[in-house]
Structures are given as structure tokens and as C-alpha cells.
Amino acid sequence: TLVLYVLAVDRSGTTPARILGGTHGTLVVDGYTGYNKVTDPGGRTRAGCWSHVRRKFFEAMPTAPSEAVHAIELIRELFRVEHDATEANIVASPAHLSMRHDRSKPILEKFFAWADETLPAALPRSPLGEALAYATHQRGTLMHFMSDANVPIHNNLSEGRLRVIALARHTYLFFGHPQAGKNFAGLYSLVGSCIANHVE
């Protein structure tokens, strides 16, 4: 497992293009448009993250509790399938993909049928409207895991690695010089990779 941190002064698509441009494979990300430059035709395949979808329905809970709970429960069922695959030690195997087709596919069909039916009645700028719009617009990427057992249904692992940096931003406030930020990114890439691979 490789963990790589790169210093960037903004969230534009320049950094993803610089790091991932010209590479192939699957990129599991949210709906952030900055990744479009590396997932356009000829680039990486984009897979969506169900944790990001779930988070948006959590945000809709105060204003649309019944709808939000319904969505969250369906998403929980998708995660339960992945949990069971882990327990059975079949992750990323043909048996895992078969389990997804047997159990996840009906859940996906139910979720998106409900989302398509509920979206027109939701206020576009309400938390529920935004959650539904996000999910339906990301439908293709969110279903990509159904065609490849190696693709997880979320990017929680990388989000967890980024949380360390988010906490550091509040603690350090600034680096004082761009080169200091680059040095930190390089050193913490080494440390992060060691942690990910259980190297003391």
C-alpha cells in the first residue's frame, strides 16, 4: 500500500492532472469536478463513493427525517453485503462479484427507483433535494463496483488518511514557506506508507 501526499495551494484539477494524468485504472472519488481532467475518455475509470452519498442524507436528516432514514437504511444494506464478503474472506474475488449481483443489485434498483420518484417533489436547494440530485447524477459511477470486484464501494481508506492532514492544518496553521510544505508532504508520505504497511 502506497500513501502519497502532495502540497497544493488550491483544489483545482491541476494537481490531480499532474499526479494522475496519463495513468490508467479506477479512481474511487466523490463528485468533485477537479478529477474530471484525469477521468475523461482515455483516462482513469471513475467509481463513486457511497459514503459521500450517505453523508449527504445524514445532512438532510433534520429537515426530511423519514426520507433520509429510508436512504440511509438502503445504503446500510449495501455496506452489509461488503461486510459479509469480508467476513467470508472473498473480497475482490469472483464470489464477491457474484454476491454483489445477488444481493447488491436489488438494493441499487430499489434505491434509484425511490430516488427518481422522490427527487421531483423535493425542493432543489433543500438538503434532501441536494442529496437526491447528487446520488442520481452520480448513478453511473456509484454502480461501477458492480462490474469489478476489485473496486470498493467507498473511499473511506483515503478519506481517513486525509483526516490526518485536515487535523494538521488546524494545528500547524501554516508552514512558513512552500518548500516546507513540500518537505512535510514528502516525509509524511513515507510515514503514512509505513503506517499503512505496519512498518515500525
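Which residues does Phe-145 touch, not counting residues up to four places away in sequence? In this predicted model, the contacts of Phe-145 comprise Trp-50, Leu-78, Glu-82, Leu-97, Arg-100, Ser-104, Leu-108, Val-151, Pro-152 and Ile-153. Phe-145 belongs to the largest nonpolar core, a set of 35 residues. At least two core residues are supplied by each of helix 3 (50-59), helix 4 (65-87), helix 5 and helix 6. Helix 4 provides the largest share, nine residues. Another core lies apart from this one and has five residues, including Val-3, Tyr-5, Ile-165 and Ala-185.

The packing of helix 5 against helix 6 was examined next. Two packed helices are described by the angle between their axes and the distance between the axes. For helix 5 (residues 94-118) and helix 6 (residues 127-137), the angle is about 130 degrees and the axes are 10 Å apart. Angles from 65 to 115 degrees count as roughly perpendicular and those over 145 as roughly antiparallel; the two helices are therefore oblique to each other. The crossing of helix 5 with helix 6 is left-handed. On the helix 5 side, the contact is made by Phe-111, Phe-112, Trp-114, Ala-115, Asp-116 and Thr-118, and on the helix 6 side by Leu-132, Ala-135 and Thr-136. Six of the residues in this contact are nonpolar, two are polar and one is charged.

Conventions:
Residues numbered from 1 in each chain as written. Predicted model: local features only at pLDDT ≥ 70, side-chain atom pairs only at ≥ 80, totals over all residues. Heavy atoms only, no water. Axes fitted to C-alpha atoms, helices over the stretch in contact; angles between N-to-C directions. Helix = DSSP H or I, 4+ residues; strand = E, 2+ residues; numbered from the N terminus. Parallel < 35°, antiparallel > 145°, perpendicular 65-115°, else oblique. Left-handed = near helix turned anticlockwise from the far one by under 90°. Contact = heavy atoms within 4.5 Å. Nonpolar A, V, L, I, M, F, W, Y, C, P; charged D, E, K, R; others polar. Core = buried A, V, L, I, M, F, W, Y, C linked by side-chain atoms within 4.5 Å. Buried < 20%, exposed > 50% of the residue type's maximum accessible area, 1.4 Å probe, protein only.
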